[in-house]
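Subject: Structure handover

Hi,

Here is the structure I promised to pass on.

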Amino acid sequence: MTHKNSFSSIVSQADLERCAWRLAQHAQAGDVFALSGEVGAGKTTFSQAFIRALCGEATIVTSPTFTLVHTYMSLNGNSVWHYDLYRIEHPQHIVELALEDALCDGITLIEWPEIILDTLPAHTVHITFAFDENSEYRTIRFDGDKPWTTILPHL
Ligand SMILES: Nc1ncnc2c1ncn2[C@@H]1O[C@H](COP(=O)(O)OP(=O)(O)O)[C@@H](O)[C@H]1O
Ligand SMILES: [Mg+2]
């Protein structure tokens with residue numbers, strides 16, 4: 001995959017949450033964010049901050065590990081879809097999860113997107129989370145064609 005814009009940054013949890021908040025300010029209906037990285041790397045933490053920024057600070061955001069998808073309504077009326085596809089064994093099983101509706105007019109976050117990567121739209125922003133060997137910091141890398149991808153380093 002080659003993307004027009006790409007950057008990576010080493011972040012504390014507070015930095016990562018700020019980055020998610022910032023990204024949420026630019027999110028529009030139809031945007032898709034594919035969140036990759038090992039268990040514990042920070043995908044849900046990022047999603048929580050992102051969804052709270054869109055839907056209000058008091059929004060309760062839990063991991064959709066077992067439910068596979070949670071939906072929210074943003075303060076300005078967009079539907080927000082938060083997927084965790086870790087437990088999906090075959091792409092066909094996603095049919096029941098209304099992914100097409102989400103991609104059509106929602107703002108969509110997808111943890112463990114690997115199983116459907118080739119069906120995601122070209123404008124998907126790919127965010128990769130990785131552990132730092134010696135600290136609680138994480139590396140987050142953004143790859144996408146959206147022009148605002150380049151402003152995110154200024155956390
Ligand atoms: N720099 C950091 N960025 C994100 N999470 C961090 C960071 N440092 C520590 N953490 C902790 O790591 C855990 C990340 O878990 P989670 O977001 O559920 O991961 P994932 O969804 O990728 O499995 C949380 O308990 C969070 O508090
Ligand atoms: Mg998670």
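This is a predicted model: local features need pLDDT of at least 70, side-chain atom pairs count only at pLDDT 80 or more; totals for chains, interfaces and linings use all residues.

Residues are numbered from 1 along each chain as its sequence is written, chains are lettered from A and ligands numbered from 1 in the order in which they are written, and side-chain values use heavy atoms, with hydrogens and water left out.

The sheet

Helices (H or I, at least four residues) and strands (E, at least two) are DSSP runs, numbered from the N terminus. Two strands pair if DSSP finds at least two bridges between them. On that basis, 7 strands form an open sheet with mixed pairing, in the order 1-7-6-2-5-4-3. Strand 1 (5–11) and strand 3 (69–73) are at the edges with a single partner strand each, so one side of each has no neighbour in the sheet. On average, neighbouring strands are turned by 15° against each other, direction ignored; axes are lines fitted to C-alpha atoms, for helices over the stretch in contact, and angles run from 0 to 180 degrees between N-to-C directions.

Strand 2 (residues 32–36) pairs with strand 6 (residues 125–131) in the parallel sense, over 4 bridges. Here A34 stands opposite H126, and S36 opposite T128. Strand 6 also pairs with strand 7, in the antiparallel sense over 6 bridges, and a hairpin joins these two through 6 residues. In this pairing A130 stands opposite T139.

Helix 2 (residues 43–55) lies across strands 2, 3, 4 (79–84), 5 (107–111), 6 and 7 (138–144), and runs at about 165° to strand 5. Contact means heavy atoms within 4.5 Å.

Aromatic rings

Rings of Phe, Tyr and Trp (its six-membered ring) pair if their centres lie within 6.5 Å; planes under 30 degrees apart count as stacked, over 60 as edge-to-face and the rest as tilted. That rule gives 6 aromatic pairs. The ring centres of F7 and F142 are 5.0 Å apart with planes at 5°, so this pair is stacked. Because F7 lies in strand 1 and F142 in strand 7, the pair ties together parts 135 residues apart in sequence. Both F7 and F142 are buried, where buried means under 20% relative accessible area, exposed over 50% and partly exposed in between (1.4 Å probe, protein chains only). W81 and Y83 are stacked as well, since their ring centres are 6.3 Å apart and their planes at 5°; both of these residues are buried. One aromatic cluster is formed by F7, F46, F129 and F142.

The metal

T44 (OG1) and E111 (OE) coordinate the magnesium ion (ligand 2) at 2.1 to 2.2 Å. T44 is in helix 2 and E111 in strand 5, 67 residues apart, and both are buried. Donors are N, O and S atoms within 2.8 Å of the metal (3.2 Å for Na, K and Ca); water is not among the atoms, so sites may look incomplete.

The cores

A nonpolar core is a set of buried Ala, Val, Leu, Ile, Met, Phe, Trp, Tyr and Cys residues joined through side-chain atoms within 4.5 Å. The largest has 28 residues, of which F33, F46, F50, I51, I127, F129 and F142 touch the most other members. Helix 2 supplies the largest share of this core, 7 residues. A second, separate core of 16 residues includes L85, I94, L99 and L103.

Best wishes
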